[in-house]
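The sequence and the model are shown first.

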Amino acid sequence: MNALYPPHRIGGAEKSVSLLAEGLARAGDRVSVATLDDIAAPTIERLATGVEVHRFPLDNIYWPYGKVVIERSPVESLRWHLRNSWNRRAARRVGALMDQVRPDVIHCNVLTGFSNAVWSEASRRDIPIVQTLRDYAVVCVRTSLFQHNTTCTKRCAECRLLTFPSKRASRQVTELVSISHFVDAKHREFGFFEGVPGRRIFNIIPDPPRDGAPTRVGPLIFGYIGRVEPEKGIEVVLDACTRLERPDWRLRVAGVGLLSYVEGLQRRYPDPRIEWLGFADSAAFYESIDVALISSIWPEPLTRTLIEATKFGRNVIAADSGGIPEIADLPRRSAVYPAQDSAALAAAMTTAIDERDDWRQGGVGRPDLLAAFSEEAVVAAYRDVFADAIAAKAAT
């Protein structure tokens with residue numbers, strides 16, 4: 001289960017969950033997905049991929065996953081998070097689905113909107129629980145461990161209060177999966193999932209289509225793709241561009257964000273070499289750039305962007321945030337810089353411009369690591385963890 005499932009997509013979690021579900025179905029498993037939608041009553045879809053999707057209405061005061069980012073008042077946000085801290089009604093809906101489907105194991109991903117009360121519904125029915133951590137929603141109401149333009153070194157009173165029900169309940173999880181060692185360590189640092197066995201399993205990153213794009217000449221084209229918001233480091237990128245002394249570069253920004261914020265950035269950084277694309281197809285975007293910039297200043301658990309860029313043959317300049325350094329050496333050429341240091345990013349970009357012929361040549365620096373993102377490897381790893389969870393539950 002996951003908060004969203006395609007065609008709804010806000011971040012990488014929805015794509016990762018759908019690719020895993022489809023891979024498990026191809027491997028012969030029966031896969032039923034519970035997800036949320038902006039609907040009045042539950043629906044069921046039986047997809048050609050073999051996946052059965054159960055869509056539920058959100059039991060909360062507003063739908064937070066629209067394509068347009070809407071600013072909410074502090075009171076509205078607090079009411080939403082209070083209900084989400086332990087949403088019994090939403091969990092009971094999922095419990096009824098468990099009674100109907102009778103799964104051998106329940107695989108929880110992002111539970112925002114359902115709430116972690118789902119764990120208790122599964123535990124009551126003696127169903128083994130595998131929880132995959134794809135963000136910090138279990139320990140942080142903002143899901144990011146990031147506030148006031150800095151990474152949280154300790155949790156605020158709001159997060160401690162609103163995640164209090166989940167802390168003890170996290171012991172009900174049978175097996176814990178994290179997409180990076182960093183995100184696993186952060187949750188355990190705050191006392192969650194005490195005694196729960198854990199392991200790292202990457203996301204499936206399918207091989208992209210390759211049309212033999214011609215080698216470019218002229219200015220080096222840097223690319224940023226993702227949400228246009230402060231924690232993604234877009235301002236560090238834009239400030240770095242103002243520090244570039246050479247003129248022969250371009251920046252393409254693909255992604256959406258709060259309209260007032262994006263328009264403010266465009267006014268502050270009017271350089272005509274910066275192109276604002278809005279929402280863009282990822283394949284077309286990667287084919288149109290030379291070097292990908294992975295600039296998150298929040299402790300990103302593990303970015304899909306770096307792996308996708310590598311598979312599209314693009315080298316990478318990446319911030320040292322969260323789990324990003326664990327895979328930074330995937331491409332043939334890469335550079336890592338301190339996340340909030342725009343001067344260091346500008347220096348790395350200048351090196352890439354100076355050595356543009358080399359940086360335009362794609363390739364893989366760690367084929368062994370890249371192989372861990374294949375459907376075969378990820379599906380096999382999850383089938384192992386599911387089997388271990390079933391065996392552990394049977395032994396209790």
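Both faces of strand β3 are covered, with Val51, Val53, Arg55 and Pro57 buried on one side and Glu52, His54 and Phe56 buried on the other; buried means under 20% relative accessible area, exposed over 50% and partly exposed in between, with a 1.4 Å probe and protein chains only. The model is predicted: local features need pLDDT of at least 70, side-chain atom pairs count only at pLDDT 80 or more, and totals for chains, interfaces and linings use all residues. Residues are numbered from 1 along each chain as its sequence is written, and side-chain values use heavy atoms, with hydrogens and water left out.

- Strand β1 (residues 31–37) pairs with β3 in the parallel sense over 7 bridges, where pairing requires at least two DSSP bridges between two strands.
- Val33 has Val53 as its bridge partner in β3.
- Strand β2 (residues 43–46) pairs with β3 in the antiparallel sense over 4 bridges, and Thr43 stands opposite Arg55.
- The hairpin of β2 and β3 has 4 residues between the strands, and Gly50 takes a positive phi near 95° there.

**Nonpolar cores**
- The largest nonpolar core has 82 residues, and Phe222, Leu251 and Ile317 have the most contacts inside it; such a core is a set of buried Ala, Val, Leu, Ile, Met, Phe, Trp, Tyr and Cys residues joined through side-chain atoms within 4.5 Å.
- Apart from it lies another core of 24 residues, including Ile205, Ala254, Val316 and Ala318.

**Helices α8 and α9**
- The axes of α8 (residues 234–243) and α9 (residues 259–268) come within 11 Å and cross at roughly 10°; axes are lines fitted to C-alpha atoms, for helices over the stretch in contact, with angles from 0 to 180 degrees between N-to-C directions.
- The two helices are therefore roughly parallel, a term for angles under 35 degrees.
- Ile234, Glu235 and Leu238 of α8 make the contact with Tyr261, Leu265 and Arg268 of α9, contact meaning heavy atoms within 4.5 Å.

**Leu277**
- Leu277 lies in strand β12 (residues 274–278) and is partly exposed, with a relative accessible area of 26%.
- Leaving aside neighbours within four places in sequence, Leu277 is in contact with Arg252, Val253, Ala254 and Phe285.
- The C-alpha atoms of Leu277 and Arg252 are separated by 6.9 Å, at 25 residues apart along the chain.

Technical notes. Parallel < 35°, antiparallel > 145°, perpendicular 65-115°, else oblique.
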